[in-house]
Amino acid sequence: MPMPALHVLSPDAQDLATAAREFCLTTIKATYGFDYTPAWHADLDSLTGPAAANHYAPANRGRFWVLQDEAGTVVGTAGVRCLAYKPNFIQLLQGHYPDFTTIASLWRTYLAPAYRGQGIGQQLNDAALAFARTQGYQRMFLECNHAYPKLQAYWQRLGYQHFTSGPDFCCFDRAL
């Protein structure tokens with residue numbers, strides 16, 4: 001299987017943004033069993049809105065990557081945004097992070113099943129870490145669903161350390 005092409009999503013690529021959003025929502029439904037919820041998926045909605053409101057826009061110190069196969073089908077995504085865009089975590093993590101503007105967060109790192117286990121996820125993570133460093137972030141945060149211990153072990157293999165949990169989630173981070 002050929003390696004998918006990696007693209008940085010630009011504000012003028014509305015068709016690709018729409019396809020990436022749909023890929024993420026389909027993956028969420030297949031993996032976690034729940035449908036679109038505006039409060040949970042505002043970042044995905046922001047992909048197709050004005051650049052100033054896009055959580056992953058360059059002006060907001062963010063970036064969103066899209067992987068496409070040879071036919072142009074979206075087969076993977078990843079995004080980096082400032083943790084301050086996740087207000088429900090601010091209260092939970094205030095004791096851990098004194099300044100949320102220095103914390104990058106990794107979101108929407110999804111791969112189609114046929115592309116898993118080939119090192120592509122690690123390449124997305126490496127791109128995200130490199131980008132976050134260029135933006136002056138000090139740490140990379142990510143949230144992982146509590147019900148997926150294999151996924152938690154994967155992030156730990158990539159250097160992330162678990163530091164807190166809630167009823168349905170685990171929080172990990174690593175220094176940049």
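Me: Why is Glu-22 called partly exposed?

Reply: Keep in mind that this is a predicted model. Glu-22 has a relative accessible area of 40%. Buried means under 20% and exposed means over 50%, so Glu-22 at 40% falls in between and counts as partly exposed.

Me: And what makes Arg-21 count as buried?

Reply: Arg-21 comes out at 16% relative accessibility. The limit for buried is under 20%, so Arg-21 qualifies as buried.

Me: How do you know that Glu-22 and Arg-21 form a salt bridge?

Reply: Their closest N and O atoms are 2.9 Å apart. A salt bridge needs a Lys or Arg side-chain nitrogen within 4 Å of an Asp or Glu carboxyl oxygen, so the pair of Glu-22 and Arg-21 passes.

Me: What makes the contact of Asp-45 and Arg-21 a salt bridge, and which parts does the pair tie together?

Reply: From N to O the side chains of Asp-45 and Arg-21 are 2.9 Å apart, and the cut-off is within 4 Å. Asp-45 belongs to helix α2 and Arg-21 to helix α1, so the pair ties together parts 24 residues apart in sequence. Asp-45 itself is partly exposed, with a relative accessible area of 24%.

Me: What about Lys-29 and Asp-35: what makes that a salt bridge?

Reply: The closest N and O atoms of Lys-29 and Asp-35 are 3.2 Å apart, again meeting the within 4 Å rule. Lys-29 is partly exposed at 40% relative accessible area, and Asp-35 is partly exposed at 48%.

Me: On to the rings. Why is the pair of Phe-89 and Phe-169 called edge-to-face?

Reply: The structure holds 15 aromatic pairs. In the one formed by Phe-89 and Phe-169, the centres are 5.5 Å apart and the planes are at 70°.

Me: How do you know whether Phe-89 and Phe-169 are buried or exposed?

Reply: Phe-89 has a relative accessible area of 3% and Phe-169 is at 16%. Buried means under 20%, so that is the label for Phe-89 and for Phe-169. Ring pairs also link both into a cluster with Tyr-97, Phe-100, Trp-107, Phe-141 and Phe-163.

Me: What makes you say that a charged end sits over the ring of Tyr-137?

Reply: The charged end of Arg-61 is 3.9 Å from the centre of that Tyr-137 ring, and the distance limit is within 6 Å. Likewise, the charged end of Arg-174 sits over the ring of Tyr-160, 5.7 Å from its centre.

Me: Finally, what lines the largest pocket?

Reply: The largest pocket, with a volume of about 1,400 Å³, is lined by 43 residues, and Tyr-32, Tyr-110, Glu-143, Asn-145 and Leu-151 lie nearest its centre. Strand β4 (103-111) gives the most to the lining, with six residues. By class, the lining has 23 nonpolar, twelve polar and eight charged residues.

Note on methods: Residues numbered from 1 in each chain as written. Predicted model: local features only at pLDDT ≥ 70, side-chain atom pairs only at ≥ 80, totals over all residues. Heavy atoms only, no water. Phe/Tyr/Trp six-rings, centres within 6.5 Å; stacked < 30°, edge-to-face > 60°. Buried < 20%, exposed > 50% of the residue type's maximum accessible area, 1.4 Å probe, protein only. Lys NZ or Arg CZ within 6 Å of the ring centre and 35° of its normal. 1 Å grid on protein atoms, 1.4 Å probe; cavity = no way out; pocket = protein on both sides within 12 Å on 5 of 7 lines; lining within 4 Å. Points joined across faces, edges and corners; volume = space filled by probe spheres on them. Helix = DSSP H or I, 4+ residues; strand = E, 2+ residues; numbered from the N terminus. Nonpolar A, V, L, I, M, F, W, Y, C, P; charged D, E, K, R; others polar.
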